Amino acid sequence: MAAESKTIAIALNNDLINNLDISPASTVIEQLLQDGAASHEQQLRFDINYDLEPGDPRELSEIPEIRLWFVRLDAKYPWLAFLLDWKAGEFARYAAMLVPHQFSSKEGIQYNPEALEIFLMHKIFVLGDWLKQQDIPSLSRLKSMAQMLGYELDDAFFEIF
């Protein structure tokens with residue numbers, strides 16, 4: 001992992017989101033892959049500038065158009081969680097874009113439990129395979145990702161696959 005790596009921001013706006021245009025993200029991600037994915041671990045974030053009607057109380061992860069854009073991005077790069085800036089909350093926000101949830105002003109995001117489990121297991125399997133292909137050690141990374149979503153996975157689980 002690079003010492004004090006810089007964050008790379010991808011700017012999103014209404015036009016990109018409403019047209020499901022993931023090209024700005026693809027351009028950045030493909031360049032990071034060419035540079036070597038391992039050197040860009042947890043560097044990526046999204047600056048979402050999506051205009052809402054005045055008084056619209058929704059969080060970004062509650063807006064169907066934004067969620068659909070992230071579903072499209074995840075379909076192309078299902079291992080993207082590796083590049084997201086976890087410390088800045090990008091992985092949690094990414095999960096909120098892809099997992100059904102409700103938002104409470106008192107309790108924050110409340111994920112649908114079964115959907116969150118399916119999302120996590122899917123990411124564990126996808127990332128586990130992708131990290132092996134990249135020759136990047138995976139066990140601690142995958143366990144950390146699970147912990148961010150409130151799960152403790154035993155080492156024995158990873159021996160199964």
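Glu41 and Arg141 join their side chains in a salt bridge, at 2.8 Å from N to O. The model is predicted. In total, the structure holds six salt bridges. Three of them are described below.

**Lys123 and Asp74**
- A salt bridge also brings together the side chains of Lys123 and Asp74, with 2.5 Å from N to O.
- This pair, too, links distant parts of the chain, 49 residues apart.
- Lys123 sits in helix α5 (residues 113-133), and Asp74 sits in helix α3 (residues 64-76).
- Lys123 has a relative accessible area of 1%, so it counts as buried, because buried means under 20%.
- Asp74 has a relative accessible area of 11%, so Asp74 is buried as well.

**Asp47 and Arg45**
- The side chains of Asp47 and Arg45 form a salt bridge at 2.1 Å, N to O.
- Asp47 has a relative accessible area of 32%, so it is partly exposed.
- Arg45 is partly exposed too, because its relative accessible area is 29%.
- Partly exposed covers the range between the buried limit of 20% and the exposed limit of 50%.

**Background**
- Side chains of opposite charge can pair when their charged atoms come close.

Notes
Residues are numbered from 1 along each chain as its sequence is written. This is a predicted model: local features need pLDDT of at least 70, side-chain atom pairs count only at pLDDT 80 or more; totals for chains, interfaces and linings use all residues. Side-chain values use heavy atoms; hydrogens and water are left out. A salt bridge is a side-chain nitrogen of Lys or Arg within 4 Å of a carboxyl oxygen of Asp or Glu. Buried means under 20% relative accessible area, exposed over 50%, partly exposed in between (1.4 Å probe, protein chains only). Helices (H or I, at least four residues) and strands (E, at least two) are DSSP runs, numbered from the N terminus.
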